[in-house]
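Subject: Handover of a structure and notes on its contents

Dear colleague,

My notes on it follow directly after.

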Amino acid sequence: LTVQVNKPGAPVSKNMYGLFFEDINFAADGGLYPELVKNKSFEIQGQHFIGWNAIRGAAALQAYTVSSDKPISATNNHFARLTVATASPDAGITNEGFRGMGVKQDAEYTFSVYLRRGAGNVSGLTVTLEEEGPRGPGPEVGSSGRMLAQTQLTGLTGEWKKYTAVLKSSGMANKARLKLTVNGTGTVDIDVVSLFPKDTWNKRANGLRTDLVQLLKDMQPGFLRFPGGCIVEGRTLAERYQWKETIGEVNSRVPLINRWNMEFRHRSTPDYYQSFGLGFFEYFQLSEDIGAEPVPILNVGMACQFNSSELAPLTTAAGGPSASEATGHNHADDPTLETFIQDALDLVEFANGPASSPWGAKRVAMGHPAPFNLKYIGIGNEQWGPQYLERYEPFAKAVKAKYPGINIVSSAGPAPEGDLFDKATNRLRELKAEVIDEHYYASPEWFRNNAGRYDNYPTTGSKIFAGEYAAQTVGIASPDNKNSWDTAISEAAFMTGLERNADKVVMASYAPMLAHVDAWQWTPNMIWFDNLRSYGTPNYYVQKLYALNKGTTMLPVQRADNGKNGQDNLFSSAVADDKTGEIVVKLVNYSPTARPVAINLQGAKKLGKTGKATVLTSNDLNAVNSLDQPLNVAPKEESFKVGAANVTYTLAPHSFTVLRIPGK
Ligand code: AHR
């Protein structure tokens, strides 16, 4: 191989490798957002007791109902009313958490609740954190297991009042639950029940789960794209993600059904709602915490095209219906496209506006006086075709007119429905879209065969955002996909093609990012977790190695035989890192035998004597990482000798290797 050190190519985008976040697989509630109580405010429409259960054998509990009789506020207007006839330690309800609650030994959890005493003689509430005992055949919860912490709340009055206590867990449990039992007899009203770990990222009161943020930060991501994914669109427009509903006082955020709420074999998650405890303010804050550029993706006025054809009506100059409205499904009371556009304009103001602006003031009130420095806005998640273009065009025009400095991320859709190389995308190029986001999920073989995907894409005009991709072992949407070494090494091979085309591809993110081992709807995923532990998959380590070694300038690589990248299962790309004064070469050997490579560093000056190799490999293409074996496939480092103007290095079988060579 020859790396043309003396013929540097395009600069590598400083946001090149980033993160795709979607609240799928319990990524937010039950994952990154560590509130342990599910449905804490009893506000889930039609299912006010999701997550809550009467204690087994609780004959003493005469009734537990949802009420809206003099609620805490107009938005938080349902609560639980418990009526106890006979005093008993079983008179109460439990909260199951998100497939249980994960608690650590000696860790502290802030418990809070609003209580109001009704008729009778209720003297207080006993709050217990415990493991759940064995379950019976019925719907009621099992008996009490090991007690982990307990506190008493007293002094209830006839008015709503907030009570707080710190629970320190005496043991570790992956599946604890919270038990609230009534002391005495009579009626008590309960609302906004929260159990929140004190140990959060940056010790914030409404902070995030530390081990998961650490895994993300360790990747040094260039950007964080949020909040999805299909949840941006919703199955229907009414169920779309609306960022304005996710900011401000946490307890006033009204839950919404999640697009991934589904009943399907073991992926069954009919209890999947978004609490929005992790909302847009928190996403911006997370981006800042991990040094990533925030990339919010907004609804363009279309529901998910895989689920429905619901469209926001366009307001045309003539006032009549557009071509798509004539065929699409519309409701008279649907918000028009203008509402969606206004939401985008207001978002820029929320993120960047001064305290004197209406939306900027809301950010300041939430505790962030400095602007978030938003530079990107995505218009539509995964949309394609004429109905998208019809909405995208006025949308983009309005954003640019008010905020010319904002970069717009447009959508090519999912290949093959939408594609970077199809007619609709050409139109986006004509419209001078800055960045076009395309998505693809395909076999490992497809990834290896398509390392040249962008080789013939024009070097001028719209740039590319590979916004969602992942190799799938079985097939898209199959529950049996694995995060195998085969998928990861194939993605590494493909990514040499992203790097070689640094003048065209400016952003890339693997998807989805997070998955709970007991509550997922999609495979494969980059990071898996349970209620206490988490691990990066081999795919995570591939992404991380690219991000940590992205360098600053692309360097052309040629094969001695003039073969194409990937020929004989050898893939390569190179960059210069001007910050550290190193040449960085990435090599993928997708063959079962070791392979010596001779690398000529053409025109290199001042080479150091020793380089550092980081190697990711396994002798089993089916190898995976797991909660018990998180580092089964993980990078290992070694040093190697550097010659006068060259390097010889033997690549391990089925390996991805990053060589860092001092010099320029
Ligand atoms: O990443 C999972 C889903 O795949 C996303 O929600 C959607 O954008 C794509 O179809």
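A crossing of two helices is called right-handed if the near helix is turned clockwise from the far one by less than a right angle, and left-handed if it is turned anticlockwise. Please note as well that this is a predicted model.

With that term in place, the crossing of α9 and α10 is right-handed. Helix α9 covers residues 485-500 and helix α10 residues 538-548; their axes come within 8 Å and cross at roughly 25°. Angles under 35 degrees count as roughly parallel, and α9 and α10 are therefore roughly parallel to each other. On the α9 side the contact consists of Trp485, Thr487, Ala488, Glu491, Ala492 and Met495, which meet Pro538, Asn539, Val542 and Tyr546 of α10. Sorted by class, this contact of α9 with α10 holds seven nonpolar, two polar and one charged residues.

Helix α4 takes part in two further helix pairs, described here in turn.

From α4, the residues Leu337, Phe340, Ile341, Ala344 and Leu345 meet Arg391, Pro394, Phe395, Ala398, Val399 and Lys402 in α6. The contact of α4 with α6 comprises nine nonpolar, no polar and two charged residues.

The partner in the other pair is α5. The axes of α4 and helix α5 (residues 358-365) come within 7 Å and cross at roughly 45°, which makes α4 oblique to α5. Here too α4 passes its partner α5 in a right-handed crossing. Asp346, Glu349 and Phe350 of α4 make the contact with Trp359, Gly360, Lys362 and Arg363 of α5. By class, the contact of α4 with α5 divides into two nonpolar, one polar and four charged residues.

I turn next to the sheet. Eight strands form an open sheet with parallel pairing, in the order β2-β12-β15-β16-β17-β18-β19-β20. At its edges stand β2 (19-20) and β20 (505-510), each with a single partner strand, so one side of each has no neighbour in the sheet. Strand β2 pairs with strand β12 (residues 223-226) in the parallel sense over two bridges, and Leu19 has Leu224 in β12 as its bridge partner. Helix α2 (residues 280-289) packs on the sheet and touches β12 and β15 (293-298), its direction making about 150° with that of β15. Helix α4 also packs on the sheet, touching β15 and β16 (376-379), and its direction makes about 160° with that of β15.

Some points of the backbone deserve mention. A cis peptide bond joins Phe226 and Pro227, with omega about 0°; Pro227 is placed in the loop between β12 and β13 (256-257). Another cis peptide bond joins Thr523 and Pro524, with omega about -10°, and Pro524 is placed in the loop between β21 (514-516) and β22 (527-529). Arg99, although not a glycine, has a positive phi of about 60°; Arg99 lies in the loop between β6 (92-95) and β7 (101-103).

Finally, the ligand. There are 13 residues around the ligand, and of these Gly229, Cys230, Glu382, Ala511 and Pro512 come nearest. The shell around the ligand is made up of six nonpolar, four polar and three charged residues.

With kind regards

Technical notes: Residues are numbered from 1 along each chain as its sequence is written. This is a predicted model: local features need pLDDT of at least 70, side-chain atom pairs count only at pLDDT 80 or more; totals for chains, interfaces and linings use all residues. A residue is near a molecule or strand if its C-beta atom, placed from the backbone, lies within 6 Å of it. Ala, Val, Leu, Ile, Met, Phe, Trp, Tyr, Cys and Pro count as nonpolar, Asp, Glu, Lys and Arg as charged, and the others, Gly among them, as polar. Two residues are in contact if their C-beta atoms, placed from the backbone, lie within 7 Å. Helices (H or I, at least four residues) and strands (E, at least two) are DSSP runs, numbered from the N terminus. Axes are lines fitted to C-alpha atoms, for helices over the stretch in contact, and angles run from 0 to 180 degrees between N-to-C directions. Angles under 35 degrees count as roughly parallel, over 145 as roughly antiparallel, 65 to 115 as roughly perpendicular and the rest as oblique. Two strands pair if DSSP finds at least two bridges between them.
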